[in-house]
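Here are a few notes to read alongside the model. Keep the 3D view open and follow the points in order.

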Amino acid sequence: MEVLEDLTTRILRLRSTVNAKYFCGDYSHSVTICLVDLIENYGVILMRVGKSHLLLSLLEFLLLCMSKSDRETSEQCFPAWVGVLQVMNAAVEEGVDGLQFSPILYQLACTIRDSCIVDSRLLDGSFELDVELVDFRVHAKECLLEVYSLIEQDLLRYYVNLLDKDIKNGNDWKEIEADLFCILAISDTAACMRSSDNLIGMTFALSDNFPNHIIVHKLVLNMIRDYSEVMGRRPKLISGCLNTLRRCSKEQPLLHPAGIIQGNILQCKIIA
């Protein structure tokens, strides 16, 4: 155990190099992957022997490295995150105070959101996201679901508040789209959507005044599509979905989610 503590302490000293000019390329990649290996192999041990503070310090360092790394390197960190989040979840179920994990969880949520912002230079003529970002978001979603299992509605509120702030400040569509992706990633469950009337209202408000980009239009419609699948007999949701269909663009990328919304509304009316 002393050897592991000594190794962890020595690696943590490398934090002082993060802001150096040479923290890039092969060096930053090597440091990041070294952290990933250490967390994957010894994170559970640090937690079980009461050294969770060392694990949290390693995770903070890893987030710092991810913020300085390219998306490919950051993506390689997600398996380690998923593993350690599952360990945290198990520890909480066994009675460990989960509040100690909250700061790092919100830092992770923020880092993932920032990493998911679209580079508009990589968009092609069909306004589809580049393959690298799509793949990255698959792993990001898996990680966010693990975070959600730990702090649940607090994570949803975090992203909803961020979305609200970005809209009110008139921020660029790419930031709003990243907010929406993170919300959609964790709002797959019916319980999550049913519990957030604020989010539902904000989504319909966005559909009234779409930020000017087709990718944002698609995400908003996809969220409303998900609402329509769980709305049951809630008249306000049905009304909001109908209004969205009346206003939504007839552009080809929007026809598929719009068609699903229409079908769900018809099904709901038949059931009702």
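1. One term before we start: a residue counts as buried when its relative accessible area is under 20%. With that in hand, look at helix α9, residues 173-186. Of its 14 residues, 13 are buried, so α9 is largely enclosed by the rest of the structure. Keep in mind that this is a predicted model.

2. How far apart are the end C-alpha atoms of helix α9? They sit 20 Å apart, which agrees with the 20 Å that 14 residues should span at 1.5 Å a residue.

3. Now zoom out. The protein chain has 14 helices and 0 strands. Of its 272 residues, 49% count as buried. Its accessible surface comes to about 13500 Å², and 52% of that belongs to carbon and sulfur atoms.

4. What about contacts along the chain? Taking those with a separation of 6 or more, 73% are between residues 24 or more positions apart.

5. Next, find R71 in helix α4, which covers residues 71-75. R71 is buried yet has no salt bridge. The nearest side chain of opposite charge belongs to E132, 4.6 Å away, and a salt bridge needs the two charged groups within 4 Å. The R71 side chain does reach the backbone oxygen of I117, at 3.2 Å. Leaving out residues up to four places away in sequence, R71 touches S115, I117, E132, L133 and F136.

6. Stay in helix α4 for S74. Is S74 buried or exposed? It counts as buried, because its relative accessibility is 2%. With residues up to four places away in sequence left out, S74 touches M66, S69 and F136.

Technical notes. Residues numbered from 1 in each chain as written. Predicted model: local features only at pLDDT ≥ 70, side-chain atom pairs only at ≥ 80, totals over all residues. Heavy atoms only, no water. Helix = DSSP H or I, 4+ residues; strand = E, 2+ residues; numbered from the N terminus. Buried < 20%, exposed > 50% of the residue type's maximum accessible area, 1.4 Å probe, protein only. Lys, Arg positive; Asp, Glu negative; His and termini not counted. Polar contact = N/O pair within 3.5 Å; in protein donor to acceptor, adjacent residues only side chain to side chain. Contact = heavy atoms within 4.5 Å. Expected span 1.5 Å × (residues − 1). Areas by Shrake-Rupley, 256 points an atom, 1.4 Å probe, with all protein chains shown as cover.
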